[in-house]
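Subject: Structure handover

Hello,

Here is the structure I said I would pass on. Please load it before reading the notes below.

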Amino acid sequence: MRIILTGSPGTGKSRIAIALSEKLGFALIDIKRIACTRKLVGKSREVDLGKLAAALRPLARKKDFIAEGHLACEIRLPADFIFVLRTSPATLRRRLAKRHYGKKKLEENLMAEMLDYCVWRTEAVYGRKPLELDTSKRSVSGCVSELVKAIKQKKKRLDTVDYSPDLKRHLKVR
Ligand SMILES: Nc1ncnc2c1ncn2[C@@H]1O[C@H](COP(=O)(O)OP(=O)(O)OP(=O)(O)O)[C@@H](O)[C@H]1O
Ligand SMILES: [Mg+2]
């Protein structure tokens, strides 16, 4: 089983992927760590997606894995299930503030979440709709249970989120 967890930074991919891999016994592929350890950063200081795709090519021969990272929505990886983790803007703001992100980086990340960037990008790159999981109101173990249930039942849909009211409010106060 090949499982992809993607989503905006701070939505809980790493925490949830670790717990899910322990539960299912599948290898865990941390995409951010691969990009960092192999120094796949281009001239613009952004990760070079071509080099990252090449580094992830061996996944094609792997039967069972959980690959997690926000860049998973930019590269078409072999996948049976693609989940996009979602987090309400208010909760995400709190989580990212704890990381001491600068104002610009914080706002950019919140905007990406409110615009459903990872969902649209996944759909464009993989050619199918991902399943969305809202991590705002669930514990890590609650999220893992939902993922396991979705996989076992081969669900086509999970949560529906709509952050457009948050986006409207956000744009008004800026
Ligand atoms: N229900 C939840 N599910 C996942 N994470 C949660 C949950 N509640 C709180 N968190 C917290 O959210 C924070 C962000 O989690 P994590 O580092 O796993 O995010 P990430 O999506 O991997 O971010 P990045 O893309 O930057 O690596 C952590 O401090 C984690 O403990
Ligand atoms: Mg992470």
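This is a predicted model: local features need pLDDT of at least 70, side-chain atom pairs count only at pLDDT 80 or more; totals for chains, interfaces and linings use all residues.

The strands form an open sheet of 5 strands in the order β2-β3-β1-β4-β5, and the pairing is parallel. Its edges are β2 (27–30) and β5, each of which pairs on one side only. On average, neighbouring strands are turned by 25° against each other, with direction ignored.

Going through some of the pairings:

- β1 (residues 2–7) is joined to β4 by 5 bridges in the parallel sense. In this pair, G7 stands opposite L85 of β4.
- β1 also pairs with β3 (residues 65–68), again in the parallel sense, over 4 bridges. Here I3 has I66 of β3 as its bridge partner.
- β4 and β5 (residues 131–134) are parallel as well, with 4 bridges between them. L85 stands opposite L133 of β5.

How enclosed is strand β4 by the rest of the structure? Of the 6 residues in β4 (residues 81–86), 5 are buried, so the strand is largely enclosed.

Helix α7 (residues 140–152) lies across β4 and β5 and runs at about 160° to β5.

The α4–α5 pair

Helix α4 (residues 89–97) packs with helix α5 (residues 103–114) at an angle of about 150°, and the two axes are 10 Å apart. Angles over 145 degrees count as roughly antiparallel, and α4 and α5 are therefore roughly antiparallel to each other. Their crossing is right-handed. On the α4 side the contact is made by P89, L92, R93, L96 and A97, and on the α5 side by L106, N109, L110, E113 and M114. By class, the contact residues of α4 with α5 divide into 7 nonpolar, 1 polar and 2 charged.

Two residues

L5 sits in strand β1. Is L5 buried or exposed? The cut-off for a buried residue is 20 or more other C-beta atoms within 10 Å; L5 has 29 and is therefore buried. Leaving out residues up to four places away in sequence, L5 touches K13, I16, A17, I66, E68, F83 and L85. G50 is 45 residues from L5 along the chain, and their C-alpha atoms are separated by 20 Å.

K129 belongs to the loop between α6 and β5. Residues count as partly exposed when they fall between the buried cut-off of 20 or more and the exposed one of 12 or fewer; K129 has 13 other C-beta atoms within 10 Å and is therefore partly exposed. L92 is one of the α4 residues in the contact with α5.

Regards

Key: Residues are numbered from 1 along each chain as its sequence is written. Chains are lettered from A and ligands numbered from 1 in the order in which they are written. Axes are lines fitted to C-alpha atoms, for helices over the stretch in contact, and angles run from 0 to 180 degrees between N-to-C directions. Helices (H or I, at least four residues) and strands (E, at least two) are DSSP runs, numbered from the N terminus. Angles under 35 degrees count as roughly parallel, over 145 as roughly antiparallel, 65 to 115 as roughly perpendicular and the rest as oblique. A crossing is left-handed if the near helix is turned anticlockwise from the far one by less than a right angle, and right-handed if clockwise. Two residues are in contact if their C-beta atoms, placed from the backbone, lie within 7 Å. Ala, Val, Leu, Ile, Met, Phe, Trp, Tyr, Cys and Pro count as nonpolar, Asp, Glu, Lys and Arg as charged, and the others, Gly among them, as polar. Two strands pair if DSSP finds at least two bridges between them.
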